[in-house]
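Here are my notes on this one, written for someone opening it for the first time. Keep the view open beside you and go through the points in order.

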Amino acid sequence: MSIWDKFTGRKSTTTASPSSQPDTFQPPAFDPSEAQDVSSFLGGATFPDPSQLHPLAGLNQQTLDYLSLEDSALSDLPGSQSALPSRGWSDDLCYGTGVTYLTALSVGGAWGLQEGLRRSQGQPPKLRLNSVLNSVTRRGPFLGNSAAVIAMVYNGINSVIGSVRGKHDAANSILAGAISGMIFKSTRGFRPMMISGGIVATVAGAWAVTRKALF
């Protein structure tokens, strides 16, 4: 009975505590032979088959239909095929312009290198290097861009002439080269225009003969 119960006259109730029973649980003895190892876990039926995780698992290869995607038909005009397969004027435009630009850029770079070395003889190394870089970056892009513009016009005119005539031959290349060269220098006067047309026609004719001989 607490002190508060004595002052208030409250009678405390006593509860009988349950009788404690002894713990009779005995854990089973551990048998190492019955323990599961990693191989038994991986080889169990509950573990999924890794081959079934593939997206194409379960497909019958005997009845599987494959899609056969063919490229666009190649150009069937006589003489239209060259070192690379061509499907028409678009392929000729891409291949011809790209190869011409890279070739002219390399030739212009070599021209600028020779010019820079010649002009900077007897100068200190830094000034000589600066002169070479200036000459290479001036001659290379100039020659590459000019040749690329001519190649674009040439391939367009050559494709039009080939479509009209129904074949590609050396005459098409020479005529397209002459027209392209004259258009390129048309603002410089009659004489530069004819010289440019003759140069481009000569290069186009040489390429046509080389292509016919090699390809």
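**Notes on the model**

1. Start with a pair of side chains: E115 and R139 are both buried, where buried means under 20% relative accessible area, exposed over 50%, and partly exposed in between (1.4 Å probe, protein chains only). They meet in a salt bridge, 2.9 Å from N to O; that term asks for a side-chain nitrogen of Lys or Arg within 4 Å of a carboxyl oxygen of Asp or Glu. E115 sits in helix α3 and R139 in helix α4, so the bridge ties together parts that are 24 residues apart in sequence.

2. Before going further, the ground rules. This is a predicted model, where local features need pLDDT of at least 70, side-chain atom pairs count only at pLDDT 80 or more, and totals for chains, interfaces and linings use all residues. Residues are numbered from 1 along each chain as its sequence is written, and side-chain values use heavy atoms, with hydrogens and water left out.

3. How confident is the predictor in the protein on average? The mean pLDDT (the predictor's confidence in each residue, from 0 to 100) is 77, and 61% of the residues score at least 70. Where pLDDT is low, the predicted coordinates should not be read in detail. Helices here are DSSP runs (H or I, at least four residues), numbered from the N terminus.

4. Back to E115, whose relative accessible area is 4%. It also has a salt bridge with R119, the closest N and O atoms being 3.3 Å apart. Both belong to helix α3 (residues 89-119) and are 4 residues apart, which means about one helical turn between them. A network of salt bridges links E115, R119, R138 and R139, and the structure holds 4 salt bridges.

5. Now follow α4, residues 125-165. Its 41 residues reach 58 Å from first C-alpha to last, close to the 60 Å expected; the expected span is 1.5 Å times one less than the number of residues. S131 lies in this helix and, at 18% relative accessibility, counts as buried. Setting aside neighbours within four places in sequence, S131 is in contact (heavy atoms within 4.5 Å) with G116, R119 and S120.

6. The largest nonpolar core has 5 residues, namely Y154, I157, I161, A176 and A204. α4 gives the largest share, 3 residues. Such a core is a set of buried Ala, Val, Leu, Ile, Met, Phe, Trp, Tyr and Cys residues joined through side-chain atoms within 4.5 Å. Beyond its neighbours within four places in sequence, I161 is in contact with N172, L175 and A176.

7. In α5, the buried residues include N172, S173, A176 and G177. Among the elements covering the buried residues of α5 are α4 and α6 (190-214).

Terms used:
Helix = DSSP H or I, 4+ residues; strand = E, 2+ residues; numbered from the N terminus.
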